[in-house]
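Please take a moment to look over the sequence and the model shown below. The paragraphs after it lead from the whole chain to selected details.

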Amino acid sequence: MTQRIWHYPSRTLVAVIMLLFVMVSGVRAELLIRITEGADSAIPISVVPFAESGQMPAGDTVSSIVQADLAMTGEFRALPPEKMLSLPSRREEVYFRDWRLLGQRYVLVGSLTRSGDRVEARYELFDVNREERVLGETAAAPASNMRSLAHHISDKVYEAITGVPGIFSTQLAFVTLDRANGESRYRLQVSDVDGKRARIRLESREPILSPAWSPDGKKLAYVSFETGKPVIFVHELATGKRTKVADFPGLNSAPAWSPDGESLLMTLSKDGNAEIYRMNLENRQLTKLTDHWAIDTEAVWDASGEGIFFTSDRSGGPQIYHMETPGAEPRRITFGSRYNARPRPGPNGEFVYYVHQRDQAFHIARTNLETGEETILTRSRSDESPSVAPNGRMLIYATDQNGTGVLTVISSDGGAAYSLPGSEGEVRDPAWGPLVR
């Protein structure tokens, strides 16, 4: 919802941000995954139900989670188990001719063995056409953490086939709001990438917005209005410890971590105008990176970690700019419409993604940084808050579906998609966590 800020003079930015986030609704519980579109070129894969030895925990099975993980990328088309001709669990039981008859390209088989409080998974991935094993490993986890074990297997399978790291063990952060009994309750939540195991990290009667992950995945920076004005906090997820890092007069907004995790980019209006600063988190020293009469905000580091992208209306309306090094002359990146904001660069430096307005609708778009070619990726009319997966293959954003706010994930070229509606309401402001090895 940041786009509407640009319709107001800078002196009212704080009031406008508060007004906009009062209109957001949210959930208490986990998100629900709903695949809405797949890619035509999806790879056929069979995830055979794993054989089990010992009592397994109730709930989703490891193989069903792996199947769902791969399917939600849109890059794979999973064969339902009821259509399989056999259910092998090891190499000797795999008859490649049968899988070729079913049109399968890959087959994943495995077994689970429980010993005390731990479960060991042994799994193998086979290329059906070549009749070769392309992956064979064992992994273990506490019986209480089977979902993490399944996501780990999904990551390994995805990387073995595509050559790109999987993102199934990463996390999502998002902000929600309930208005139960006439009272507003904002919640900062963290979940698995499929929306499961959502946990409330902060609850407040005042708006919470702009969550941003630290590079190690251990902290979140965000803006909270709990004191009656926007203030930037850093929140340690393991301990719950919160540190107030920016509480200057005026606007304190849009935190973004440096690649080394030692500083934050932020927008401050302490001197009267919204400018971009870098704060050293150890000594709280500020470095001013922009100095212009226009509104400069929403800064993020580029893929090189040397320059920044940011939004500015210095050309008359909000556009994306790139500053190659701190203090360098910014270069305008977007030209396709009067409104382009909230830049989010891809990890390989090829594209930058952002909110793009066209024909009174807000979409997610991307620009090729080498050619300048712009591509509109989404079709709905109220899309906002893009966040790029750490492997660059997917993109999450907030939108409306039938009047209800949901999170939607698409492939980075705008193809396959799935939505994450809240089980009890609406959800906004997603942030995709980093890869943590």
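**From the whole protein to its details**

The protein exposes about 18700 Å², and carbon and sulfur atoms supply 45% of that area. The model is a predicted one, and every value in what follows is computed from it. In this model the protein has four helices and 31 strands, and of its 437 residues 54% count as buried. When contacts with a separation of 6 or more are considered, residues 24 or more positions apart account for 46% of them.

Strand 5 (residues 106-115) runs antiparallel to strand 6, to which 10 bridges join it, and one of the pairings can be found at T113, whose bridge partner in strand 6 is E120. These two strands form a hairpin with two residues between them, and in the turn G116 has a positive phi of about 65°. How enclosed is strand 6 by the rest of the structure? Strand 6 (residues 118-127) is largely enclosed, because seven of its 10 residues are buried.

In helix 2 (residues 62-72), the buried residues are V62, S63, I65, V66, D69, L70 and M72, and the helix is followed by G74, whose phi is positive, near 80°. Helix 4 (residues 146-162) has 17 residues and reaches 24 Å from its first C-alpha to its last, which is close to the 24 Å expected at 1.5 Å a residue. Its buried residues include M146, R147, L149, A150, H151 and Y158, and just after helix 4 a positive phi of about 80° is taken by G163.

Y158 leads from helix 4 to the aromatic residues. The structure holds seven aromatic pairs. One of them is formed by F76 and Y158, an edge-to-face pair with 6.1 Å centre to centre and 65° between the planes. This pair links distant parts of the chain, since F76 lies in strand 4 (residues 76-78) and Y158 in helix 4, 82 residues apart. Both F76 and Y158 are buried, and together with F168 they form one aromatic cluster. A further pair, that of F351 and Y353, is tilted, with 6.3 Å centre to centre and 50° between the planes. F351 is buried, with a relative accessible area of 13%, and Y353 is buried as well, with a relative accessible area of 3%.

Q360 has a positive phi of about 65° and is placed in the loop between strand 24 (351-358) and strand 25 (361-368), where it counts as exposed because its relative accessibility is 66%. D429, by contrast, has its positive phi, of about 60°, within strand 31 (residues 428-432), and D429 is buried, with a relative accessible area of 2%.

Two further loops complete the tour. Is S269, in its loop, buried or exposed? S269 is located between strand 16 (263-268) and strand 17 (275-280), and S269 counts as buried because its relative accessibility is 16%, which falls under the 20% cut-off. Leaving aside residues up to four places away in sequence, S269 touches P249, G250, L251 and A274, and for L251 the backbone nitrogen lies 2.6 Å from a polar atom of the side chain of S269. The other loop, between strand 21 (319-323) and strand 22 (331-332), holds G327, which is exposed, with a relative accessible area of 65%. G327 and L289 are 38 residues apart in sequence, and their C-alpha atoms are 5.9 Å apart in space.

Conventions
Residues are numbered from 1 along each chain as its sequence is written. This is a predicted model: local features need pLDDT of at least 70, side-chain atom pairs count only at pLDDT 80 or more; totals for chains, interfaces and linings use all residues. Side-chain values use heavy atoms; hydrogens and water are left out. Buried means under 20% relative accessible area, exposed over 50%, partly exposed in between (1.4 Å probe, protein chains only). A polar contact is a pair of N or O atoms within 3.5 Å; within protein, one must be able to donate a hydrogen and the other to accept it, and residues adjacent in sequence count only if both atoms are side-chain atoms. Contact means heavy atoms within 4.5 Å. The expected span of a helix is 1.5 Å times one less than its number of residues. Two strands pair if DSSP finds at least two bridges between them. Accessible areas come from the Shrake-Rupley method with a 1.4 Å probe; for residues, only the protein chains shown count as cover. Rings of Phe, Tyr and Trp (its six-membered ring) pair if their centres lie within 6.5 Å; planes under 30 degrees apart count as stacked, over 60 as edge-to-face and the rest as tilted.
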